[in-house]
Amino acid sequence: MSSIAFIGLGNMGAPMAHNLIKAGHSLTVFDLVPAAVQGLSDAGARAAGSAAEAVRGAEVVISMLPASKHVEALYLDNDLLSSIDPSALVIECSTIAPDSARKVAAAAQARGLAMIDAPVSGGTGGAAAGTLTFIVGGEPDALQRAMPVLQNMGKNIFHAGTAGAGQVAKICNNMLLGILMAGTSEALALGVANGLDPKVLSDIIAKSSGRNWATELYNPWPGVMEHAPASKGYAGGFGVDLMLKDLGLAAESALSSRSSIPLGELARNLYSLHSTGGSGKLDFSSIVNLYTHNT
Ligand code: NAD
């Protein structure tokens with residue numbers, strides 16, 4: 001069992017940290033929001049007053065923050081790296097720009113610290129159930145060291161390549177997810193506008209060639225799937241603004257590699273319209289409301 005510093009206890013970080021406590025690790029936690037820290041200290045974690053205090057003496061440091069600017073601010077601007085024991089392993093789980101991940105990894109390496117980028121897929125449900133997919137970029141031996149800890153939070157662990165590669169793979173996956181959720185919404189809205197029952201149409205698609213993750217597990221139409229965010233007023237889940245962030249990262253990666261992503265860009269514009277219409281905090285499957293004029 002390891003002594004672990006966990007920084008960033010939001011929708012994803014909190015359940016991940018809970019699973020590490022359940023697995024028997026000794027956790028020291030920090031978040032800018034005191035209530036988030038309290039939730040974990042009630043479960044047995046030690047509460048730290050700052051990130052620097054949290055990492056002191058830790059064998060493993062895990063961070064789960066909103067975006068690139070938070071990760072760069074923490075590790076580089078506030079120089080958290082210099083407070084981490086050189087023998088420790090850093091596991092950065094936020095979804096951020098590959099360039100940011102590489103920049104922080106290079107700074108860590110310059111101090112002799114092992115670091116991997118390990119963004120996740122599987123949402124808040126996967127975080128709570130300990131079934132996340134980790135998509136890792138970094139050196140193979142650092143991943144080997146991280147494995148026992150990652151296995152306490154996730155089920156599938158992939159090595160995508162060197163530093164930043166985990167982020168590239170995660171961005172490609174989420175661009176596809178954004179596109180397929182918009183496409184599924186469009187198809188369902190067309191069917192309903194032409195007299196079909198959304199549940200019947202969803203069942204047909206789920207067993208036909210249009211089948212996808214949304215029709216199988218995360219249907220965007222309210223009432224079709226009891227446990228999907230669509231049936232809970234689009235609360236919880238994966239927010240429109242987080243999807244918008246990931247589609248923005250895809251656009252940046254496309255620019256820097258001179259790739260064409262016409263569908264990714266269209267999806268980014270759709271989610272942007274939806275967000276500025278006041279739906280930024282709703283689950284991203286609420287994109288269906290753009291087609292049904294329910295916003
Ligand atoms: P969140 O906004 O709920 O949580 C982020 C937490 O980080 C907040 O509690 C915030 O107070 C804290 N924080 C920010 N800056 C900090 C700092 N300097 N020091 C300490 N704490 C700080 O976000 P989330 O939904 O938990 O997502 C976290 C990351 O995981 C994001 O990069 C997101 O894209 C990614 N992700 C989210 C989901 C999802 O379904 N929510 C799924 C996969 C990946």
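At what angle do the axes of helix α5 and helix α8 cross? Roughly 165°. One caution before I go on: this is a predicted model.

Let me place the two helices. Helix α5 covers residues 98-110, and helix α8 covers residues 165-193. Their axes come within 8 Å. Angles over 145 degrees count as roughly antiparallel, so α5 and α8 are roughly antiparallel to each other. The crossing of α5 past α8 is right-handed. Who makes the contact? On the α5 side, Pro98, Ala101 and Arg102. On the α8 side, Gln167, Val168 and Ile171. Sorted by class, this contact of α5 with α8 holds four nonpolar residues, one polar and one charged.

Now α5 again, with another partner. Helix α4 spans residues 68-77. The axes of α4 and α5 come within 10 Å and cross at roughly 10°. The cut-off for roughly parallel is under 35 degrees, so α4 and α5 are roughly parallel to each other. From α4, the contact takes Ser68, Val71, Glu72, Tyr75 and Leu76. From α5, it takes Ser100, Lys103, Val104 and Ala107. By class, the contact of α4 with α5 counts five nonpolar, two polar and two charged residues.

Is asparagine 174 buried or exposed? Buried, with a relative accessible area of 3%. Setting aside residues up to four places away in sequence, asparagine 174 touches Phe238, Met243 and Asp246.

Next, the nonpolar cores. The largest one has 36 residues. Which of them touch the most other members? Phe6, Met16, Ile62, Ile91 and Phe134. Helix α7, residues 140-151, gives the most to this core: six residues.

Take methionine 16 from that list. Again, leave out its neighbours within four places in sequence. Methionine 16 is then in contact with Phe6, Met64, Cys93, Val120, Ala127, Leu132, Phe134 and Met153.

To recap the helices. α5 runs roughly antiparallel to α8. α5 runs roughly parallel to α4.

Terms used
Residues numbered from 1 in each chain as written. Predicted model: local features only at pLDDT ≥ 70, side-chain atom pairs only at ≥ 80, totals over all residues. Heavy atoms only, no water. Axes fitted to C-alpha atoms, helices over the stretch in contact; angles between N-to-C directions. Helix = DSSP H or I, 4+ residues; strand = E, 2+ residues; numbered from the N terminus. Parallel < 35°, antiparallel > 145°, perpendicular 65-115°, else oblique. Left-handed = near helix turned anticlockwise from the far one by under 90°. Contact = heavy atoms within 4.5 Å. Nonpolar A, V, L, I, M, F, W, Y, C, P; charged D, E, K, R; others polar. Core = buried A, V, L, I, M, F, W, Y, C linked by side-chain atoms within 4.5 Å. Buried < 20%, exposed > 50% of the residue type's maximum accessible area, 1.4 Å probe, protein only.
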